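Keep the sequence and the 3D view open as you read.

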Amino acid sequence: MQSFFQEAVIPHFNFWIYVIIMMVGLWSVIAKNNLIKKLIGLSIFQTAILLLYVSLGVKEGATIPVLDHHALIESSHSESSEGSGKKAIAINPDHYANPLPHVLMLTAIVVGVATLGVALALTQMIYKDFGTIEEDEVLKKIKALHDDV
Amino acid sequence: MSDHYPALVLLAPLFGALVIGLFGLRDHRVCLPVVVSALGVSLFAAISLVLSVSSGGPVDYFVAGWKEPIGIGIQLRADAINTPLLVVIAIVALLAAIFSIRPAAERDSEKTPYFYVLFLLLCVGLFGITITADAFNVFVLIEVTALSSYGLVAIGQSKRGKVAAFHYLIMGTVGASFYLLGVGYLYLKLGSLNMQDIHGILASDDALADSRAIRTAFVFILVGIWTKMAFFPLHGWLPNAYSYSPSGSAAILAPLVTKVSVYVMVRMMVSVFGLDRLEANVEWGHFVVWLAIIAIAAGSTMALAQREIKKMLCCLIIAEVGYMVGGAWLGDPQRWGLTGTVYHILADALMTSCLFLAAGIFAKWLGALKLEDLSGLFRKMPLAAAGFVVGGLAIIGVPPTCGFYSKFYLIRGGIESGQWTYVVALLASSLVNAVLFFRIFEIAYFGKKPADSHGDDHGHDHESEPVVRLEPPLHALIPLLVAAALLVLLGLFNGPVVEFIRTGLIETAAVVSTGR
């Protein structure tokens, strides 16, 4: 048990966390009856994936990927002190977190917000038409509807 | 200028949507010319791309000149698999746009500009999914498509449409999230999002390509895409969403959204994971083909049980998605199954377009929602009925139409790969389609009108009362007839189209499997 923790859980804890959060969201989408609670579950579900991506970009001891003058000088110093002999300014990618997953997630966040906006608008329309946002009551009222296509 | 055609396909509808958003709200008459000209530009660019691909091979386009792997360059790539689909998307969208003109006096006419903005954004998403060569962009464009389609489903008067749109939204978002997760795993292992890059890395490193993380990524991507294309156990959202949406929306959603998702699956198989690798794992192929057989059987059975026209057509879409998924996974060495799938994507988009245009006409100008309401159809609207018959014959698979040829290639793939159950399922499903449509034709030809159901009036030649011609207005009739004519044309010219697709598929598979 302990070795399982040390080999599979602790080194990969970001995966465990994202899977657990994602399943919480999915459970809420499936099991909850209230449409708003379903949407909250959906947001949790999406956010779990954002967390996975963000955790991919993290490096131990790295800083934010903004290149300032100071960092450039520092890295060139470290290069020359290692004895490579080159004067060229080098940027060591290990010093910076990977920005690409974060940038991707900005897009995914926008998509998520837009989805939530559309979903809330739909919920509002359903409430206006049916007077309720409990799914079972909505479905019951739909069965009583005449065809109105 | 011609260098920029790949971007132009996307940008024309995007700017069209902007123009309608700016000016269409004040004057509704702006909408239609803008939509038609934007889609016309896309169609022109798409046809030019087909020509340049057929003469000079795949066309690569780097947005703003940022090439991989310098920045996060966005690559568009037009090749033999996707350019025909671009043309078909533009045509179907044009037909649906003309079909959905609303006279200003009609109810709902204040929604016209909103409808067309969503419509054009949907087209942007569909074109984008088809032409992009970047796995993450596919996700973004899938969501652009999906968000506009939720709006298009809910825009009508129907109360059920709103609930259907909500369920569609939940399923669609979960599906897209699974796709995103799969892309995340790919990025985690390979550090690239560009499809060609991914394929190159996977082709050069067998241990990595067979690792558990890559397989998990592939499964996540497949499940996400299957949700989007309504592959059988994941089809729950489709029948309600398409049958309770307004006719104009259904005329573009039903033909295109599921087909473009099938295209994404084909693209992932051919130019991301690689056909050789998929065929090395034979049991995967067998498993998916069995799923497809179940989907075909379930779709056909559900279609038999429906009494409403649009619901029946929706169930047919589910069966057709089964044909395409099964065909793509047959794995015959000559690629006939895969070629048949790509050709069937084109054919099915046109067939579904034709049938949903006809169903829209029947619903709007005849008030016919159920099969029984169609009695006397051939007397009331002979031309629209003729269009519907051509669409029905194409779905059944009668020779001069494209439906026959696509099934022919799919069955050829099934025979060459020895998947006899798939062949049987396909033929049985064609029989079911024949039963379904001839039942409708019978009602439409010989069905009695409710008013004179009691008595002596036998059939159509007995002119006991003046027949009222209810032919729909031209803006609705012309798209239907054009779609019907295209079904026959695509069937007659299947040889060059299929040869174009097949050589493209074999080249794409061969180029990358040798590594870059």
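## One residue and its partners

Once neighbours within four places in sequence are left aside, Ile91(B) is in contact with Leu43(B) and Leu486(B); two residues are in contact if their C-beta atoms, placed from the backbone, lie within 7 Å. You can find Ile91(B) in helix 3 (residues 83-99) of chain B. Helices (H or I, at least four residues) and strands (E, at least two) are DSSP runs, numbered from the N terminus.

Is Ile91(B) buried or exposed? Ile91(B) is buried, because 22 other C-beta atoms lie within 10 Å. A residue is buried if 20 or more other C-beta atoms lie within 10 Å of its own, exposed if 12 or fewer, and partly exposed in between, with C-beta atoms placed from the backbone. For a sense of distance, Thr301(B) is 210 residues away from Ile91(B) in sequence and 31 Å away in space, C-alpha to C-alpha.

## About the model

This is a predicted model, where local features need pLDDT of at least 70 and side-chain atom pairs count only at pLDDT 80 or more, while totals for chains, interfaces and linings use all residues. Residues are numbered from 1 along each chain as its sequence is written, and chains are lettered from A and ligands numbered from 1 in the order in which they are written.

## Chain B as a whole

Chain B has 21 helices and two strands. Its radius of gyration (taken over C-alpha atoms) is 23 Å, close to the 24 Å that the globule rule gives for 516 residues, so chain B is as compact as a globular protein of that length. That rule is 2.2 Å times the number of residues to the power 0.38. The C-alpha trace of chain B spans about 75 × 55 × 45 Å along its principal axes.

Of the 516 residues in chain B, 61% are buried. The largest nonpolar core has 230 residues; such a core is a set of buried Ala, Val, Leu, Ile, Met, Phe, Trp, Tyr and Cys residues joined through C-beta atoms within 7 Å. Among the residues with the most contacts inside this core are Val92(B), Phe119(B) and Leu120(B). Not counting residues up to four places away in sequence, Leu120(B) touches Pro13(B), Gly16(B), Ala17(B), Ile20(B), Val35(B) and Ala38(B).

## A pair of packed helices

Now look at helix 18 (residues 402-416) and helix 19 (residues 420-446) of chain B, whose axes come within 8 Å and cross at roughly 155°. Axes are lines fitted to C-alpha atoms, for helices over the stretch in contact, and angles run from 0 to 180 degrees between N-to-C directions. Helix 18 of chain B and helix 19 of chain B are therefore roughly antiparallel to each other. Angles under 35 degrees count as roughly parallel, over 145 as roughly antiparallel, 65 to 115 as roughly perpendicular and the rest as oblique.

Where do the two helices meet? Lys407(B), Leu410(B), Ile411(B), Gly414(B) and Ile415(B) of helix 18 of chain B face Tyr422(B), Val423(B), Leu426(B) and Ser430(B) of helix 19 of chain B in this contact.

## Chain A and the contact

Chain A has six helices and zero strands, and 19% of its 149 residues are buried. The contact takes 32 residues from chain A and 29 residues from chain B. Helix 5 of chain A gives the most to the side of chain A that touches chain B, with 16 residues.
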